[in-house]
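Trainee: Could you walk me through how to read a model like this one? I would like the general idea each time, then the case at hand.

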Amino acid sequence: MTSTTAIPQVFSSTLLLPDPSGVTGRPNVDWCESHKPETIRTNVVGTLTLADVCREQGLLMMNYATGCIFEYDDAHPQGSGIGFKEEDKPNFTGSFYSKTKAMVEELLKEFDNVCTLRVRMPISSDLSNA
């Protein structure tokens, strides 16, 4: 990783890092399959850089992440109500998007200033957005 001195001053307010799956205007993980360098740049390099800059500035980084790194399996049958735990290893690599998200989450565990909040589906105030 390069020096963070070239990165503009970090403020203790909200910073939003774009997710490449939303580059098309709406989340679209299929885009990531044909734009792998851009996906790596945002999902891995961008996220790690932001975590590092926040660490250097003494800031907590809230990583709003995806639940699309897990899939039902023998230990977590669909409909059983058995959820995944924080220490469970991601078990879904069926998309490049999910691979990069699982990779960066493993690396973020090494940062003591990162809290990952994981949701399964995107949340929107637009209830008509089907």
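Trainee: In what order do the elements of the protein chain run from the N terminus on?

Mentor: Helices (H or I, at least four residues) and strands (E, at least two) are DSSP runs, numbered from the N terminus. Here the order is α-α-β-α-β, which comes to three helices and two strands. Before we go on, this is a predicted model: local features need pLDDT of at least 70, side-chain atom pairs count only at pLDDT 80 or more, and totals for chains, interfaces and linings use all residues. Residues are numbered from 1 along each chain as its sequence is written, and side-chain values use heavy atoms, with hydrogens and water left out.

Trainee: Is threonine 100 buried or exposed?

Mentor: Buried means under 20% relative accessible area, exposed over 50%, and partly exposed in between (1.4 Å probe, protein chains only). Threonine 100, found in helix 3 (residues 96–108), counts as buried because its relative accessibility is 2%. Across the 130 residues of the protein chain, 32% count as buried.

Trainee: With which side chain does the side chain of threonine 100 make a polar contact?

Mentor: A polar contact is a pair of N or O atoms within 3.5 Å; within protein, one must be able to donate a hydrogen and the other to accept it, and residues adjacent in sequence count only if both atoms are side-chain atoms. Here the partner is the side chain of asparagine 43, at 2.9 Å. Asparagine 43 sits in helix 2 (residues 36–56) and is buried too, because its relative accessibility is 1%.

Trainee: Which residues is threonine 100 in contact with, leaving aside neighbours within four places in sequence?

Mentor: Contact means heavy atoms within 4.5 Å. For threonine 100 the list is Thr39, Ile40, Asn43 and Val44.

Trainee: What does arginine 120 touch, not counting residues up to four places away in sequence?

Mentor: Gly67 and Cys68. Arginine 120 lies in the segment after strand 2 (114–119), and its C-alpha atom is separated by 5.7 Å from that of threonine 66, 54 residues apart along the chain.

Trainee: Which residues make the nonpolar surface patch?

Mentor: Accessible areas come from the Shrake-Rupley method with a 1.4 Å probe. Leu60, Met62, Tyr64 and Leu117 make a patch of about 430 Å². Methionine 62, in strand 1 (residues 61–66), counts as partly exposed because its relative accessibility is 46%.

How values were computed:
Patches are made of residues with over 30% relative accessible area and no salt bridge: like charges are joined within 9 Å, nonpolar side chains (Val, Leu, Ile, Met, Phe, Trp, Tyr) within 5 Å. A salt bridge is a side-chain nitrogen of Lys or Arg within 4 Å of a carboxyl oxygen of Asp or Glu.
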